[in-house]
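I am opening the notebook on this complex. I will go element by element and write down what I look up.

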Amino acid sequence: MTDLLQLILSALSLGSTYALVALGFVLVLNATNAVNFAQGEMVVAGGFLAVALSPLIDLPGVALLPLVMLGTAALGLLLSLAAYLPLRTRPPTAVFISTIAFGIIVQNAVLALSGPEPATASALVAAGSTRLGEMAIGWQSLSMIATAAVLVALMHLLLERTQLGRRLRASAQDPEIARASGIPVVRLIVVAFALAGALAGAAGLLVANQFFLSPADGANYMLKAYIAVVIGGWGRVWGAVLGALLIALFESFVASLAGHLAADALLYVALLAVLLLRPTGILGEAVGRRA
Amino acid sequence: MTRLVFWFADGIRLPLIFAAGALIAFMLPLEAPYAIRLLTQVAIYALLGIGYQFIFGLAGAFSLAQGAFFGIGAYVAALATLQWDWTGSLTLPAAILAAVLFAAVVAAPVLRLSTHYFALATLGIAQVLLVLAIGCVDLTGGSNGLAGIRTLMVAGIELDGWTGMATVWALVGLAGLALYQVRGSLLGLAFDVVRTDPYAAIAAGIPAARLRFWAFLASAGLAGLAGALQVHSIGVVSPEVLDFDIMVRCLVICVVGGIARTSGAIAGAFLVVLAPELFHALEGYRLLAFGALLLAAILFFPEGIIGTMEALRARWFGRRRFTQKLPTLRAPGRSLLATTRPVLNLERVSKNFGGVVALENVTLKVPRGEIFGLIGPNGSGKSTLVNVVTGLVVPDEGRVIVSGEDMTGRAPAKVAARGVARTFQTVHLHPALSVLDNVAVARIGDLPGGLFGTLLAIGSERRLRRARSEAVAILDALGLGGEVLRTAGSLPPGAQRRLELARALARNPEMVLLDEPAAGLSEPEQTYLAERLRVLKTRGLAMIIVDHNLGFLLRLADRVACLDQGRVVAIGTPDQVRRDPAVIAAYIGPGNPAYRPPEGAR
């Protein structure tokens, strides 16, 4: 029983980082209809920013959160200006490549600045663990889940309660109409990229303590976000969060039974099975395709 | 002399010369073994890229499995060499075969997925293979891989160094020629349409699924070959051959080189192999510079290296003139008047959509040479009827008989092959393609000779010339004979409608279903269209026309049926139907003089 709870806890802490990455991924997707292949590299950038900052500032990781998020938001802004906006009218594959190229630049910049070794940042709140009956609960896992939950809740408020959120949702539903009703679509796109960067950066900070982070890890996070968005329903914001949690649960459970490699392989096999049976994801697409 | 200059400036030659010049400048200072190794690598990546041009460039499917096929080829060749001591004459075919077989197995479920799902599914396949290569340590050597694979040996001849390089380049030449042939053929046109507008492909009767399938297999086969050559060339294999990195290079080769072109793949291969070498001095920042170069290339050279070179050539030497002689007329088709049985026979057809009745007990007969009008309010089942006839919707009950053959539940392609063509409510043409080629491509299903013929028809493709000749004849009959070389997108709406009709006719149908052909047409355009349709009718073509423009339809049709809530409420001559109380109640509306012109006003 305690093993099970322990497993769920670690799955949730992994899932909370996936959820942040996927949330950013789907925000960009909705604003631009483009797949952002650099989203994983944003996690790496955020993580290494945290690693670089933690010795400078003698505070718990949570205090770095705003700084890191600001940094990767700026990176996201740069991404939209350099790799998306100039290519808006071009076929989607052009954006695929430009975001991949941007990702390569970010990854190798990190590599050049801090070397290939996996790194770790200071704990979010405190190191160690507390005991709950038989069970040892890591402070880091708890604080990861809590931080991610707060960020997701803030995103929820932003999307549902503010003018900006309404505009983001409106332009996701129908960009043409949004443009026609005077919504500044370009500015929204930039905001979406910046938000996506900030969320990925936060995820980077979260994983940088619990798990080691190496510059080559970006692709993994990008893939997990991509899968989460497909499983959760292409374009569904909360579906993506749900998809991310599902993936993390699946990964953790299978890994505990059969090892990490098998978990990875089986995740993709499961994904293929989902696509076979439900070619538009478990929850279906957010917006039906127009002929 | 000037002719010689122009000959060089034409087609792919100039870019090739540029590339060769740049290459020599780059290679001269290098030592021979190193230069040979680099050039072999370029050739291997060119082969991989040419393969990717088939599925990505021609078919337009964003596959992320090209790297996986490369990896399969690599591992198969490595294992066959190490375990069974096979030589190149066996390992290369085995690698190709393994990749193609694997592609054929995954194609069935994966190829029907659309865009981003297809991309992710192919990526998923690649990831599974990567994990397997790492995990099955006993077979693959795990992360360390396998070493000691000997160089390529074919028919007892050791091919390394110069000879190995020449062999790989010869294979590049063959594969490149195949791509060049396909691109310039009727198949190339068909791929162009499939990529641009799937509805246009349906309307032109292009077997899109089959084309995508073959393109997928071709790309897999070439990737497998490239993978095998890679392990023979470097002597080791490791999970790196399955890495996403290979896939990225593939994309870079095709997009930065030039999409769908042989020359683009070769130029791109030079870029991905030589660019990191060029940045050698940057050491740790090498890949960073590569990423920046890639970003700059995609930003500033949207048409890729080859497209940019062609633009430059056009500026220096002038645009290439359209030298092709206008094809001669050649009337296609068979006589449609020979038999008398009805072309279409609907027997008690019913269809429900989740409890909503779309069609109920509809029985219709359309004989040869009849224009059959279909009217009714929105949602009355007209489109469902059209979709049932064309096979897009399978009826719950009843039978659809086309020219005496029961086609109920048969695939749309089968129905189309039986002689049923259609147009869509909205215009679906390839706007950048010429009027001529928009029609010529629809001849694809009706001409003999297939892919193999295309590959062997070096230089010119007879089928394409014949299709164009026949297209001219069809266009002429619809009054578009003077517009054949214009792009379809530049035609006025009325002419675009007629072009769609011409494309439908190019399939040599016995029956055409026209969905709102008069929508958006001016009065003279409508009159002209009606006149043309009457001529087609005298040739025995049966037509079902759905339109809300009663003025147009009731003047043209021989018989008219009115649908309401899925049922035929009236059927008969236009005059009978016009006066039918049920039709007036359901559709025309009492006291609507616009739709009820007084007797003799026509």
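Predicted model: local features only at pLDDT ≥ 70, side-chain atom pairs only at ≥ 80, totals over all residues.

**Hairpin in chain B**

I began with strand S11 (residues 559-564) of chain B and strand S12 (residues 567-572) of chain B, which run antiparallel and are joined by five bridges. I then looked at the turn. Two residues lie between the strands of this hairpin, and Gln565(B) there takes a positive phi near 50°.

**Open sheet in chain B**

Next I traced the sheet. Which order do the four strands take? I read S4-S3-S6-S7 (chain B), an open sheet with antiparallel pairing. At the edges I found strand S4 (356-366) and strand S7 (405-406) of chain B, each of which pairs on one side only.

I checked the pairing of strand S3 (residues 344-353) of chain B with strand S6 (residues 397-402) of chain B. These two are antiparallel, with five bridges. Leu344(B) sits opposite Val402(B) in S6(B).

I also noted a rule for reading side chains here: in a regular strand they alternate between the two faces of the sheet.

**Helix H16 of chain B**

Which helix packs on this sheet? I found helix H16 (residues 382-390) of chain B, which touches S3, S4 and S6 of chain B. The direction of H16(B) makes about 60° with that of S4(B).

I then asked how many of the nine residues of H16(B) are buried. The count is eight, and the helix is mostly covered. I listed the buried residues: Lys382(B), Thr384(B), Leu385(B), Val386(B), Asn387(B), Val388(B), Val389(B) and Thr390(B). Lys382(B) and Asn387(B) are in that list along with Val386(B) and Val388(B). Just after the helix, Gly391(B) takes a positive phi of about 90°.

**Chain B as a whole**

Chain B holds 25 helices and 12 strands. Of its 602 residues, 51% count as buried. I looked at contacts between residues at least 6 apart in sequence, and 75% of these join residues at least 24 apart.

**Confidence**

I looked up the scores for chain B. The average pLDDT is 82, and 88% of the residues score at least 70. Where is confidence lowest in chain B, and where highest? The lowest is helix H1 (residues 2-9) of chain B, with a mean of 58. The highest is strand S10 (residues 542-546) of chain B, at 92. I flagged residues 596-602 of chain B, where pLDDT stays under 50. For that stretch the model has four contacts beyond four places in sequence. For the complex, the predictor gives an ipTM of 0.86 and a pTM of 0.84.

**Contact between the chains**

I turned to the contact of chain A with chain B. Chain A gives 32 residues and chain B gives 31 residues. On the side of chain A, the elements that give two or more residues are helix H3 (61-84), helix H4 (92-114), helix H9 (218-231) and helix H11 (260-277) of chain A. H4(A) supplies the largest share, 12 residues. I sorted that side of chain A by residue class: 27 nonpolar, three polar and two charged.

**Helix H2 of chain A**

My last entry is helix H2 (residues 39-53) of chain A. This helix has 15 residues and reaches 21 Å from its first C-alpha to its last, close to the 21 Å expected at 1.5 Å a residue. Why do I call H2(A) largely enclosed by the rest of the structure? Because 13 of its 15 residues are buried.

Methods:
Residues numbered from 1 in each chain as written. Chains lettered and ligands numbered in written order. Contact = placed C-beta atoms within 7 Å. Nonpolar A, V, L, I, M, F, W, Y, C, P; charged D, E, K, R; others polar. pLDDT = per-residue confidence, 0-100. Pairing = 2+ DSSP bridges. Axes fitted to C-alpha atoms, helices over the stretch in contact; angles between N-to-C directions. Buried ≥ 20, exposed ≤ 12 C-beta atoms within 10 Å, placed from the backbone. Expected span 1.5 Å × (residues − 1).
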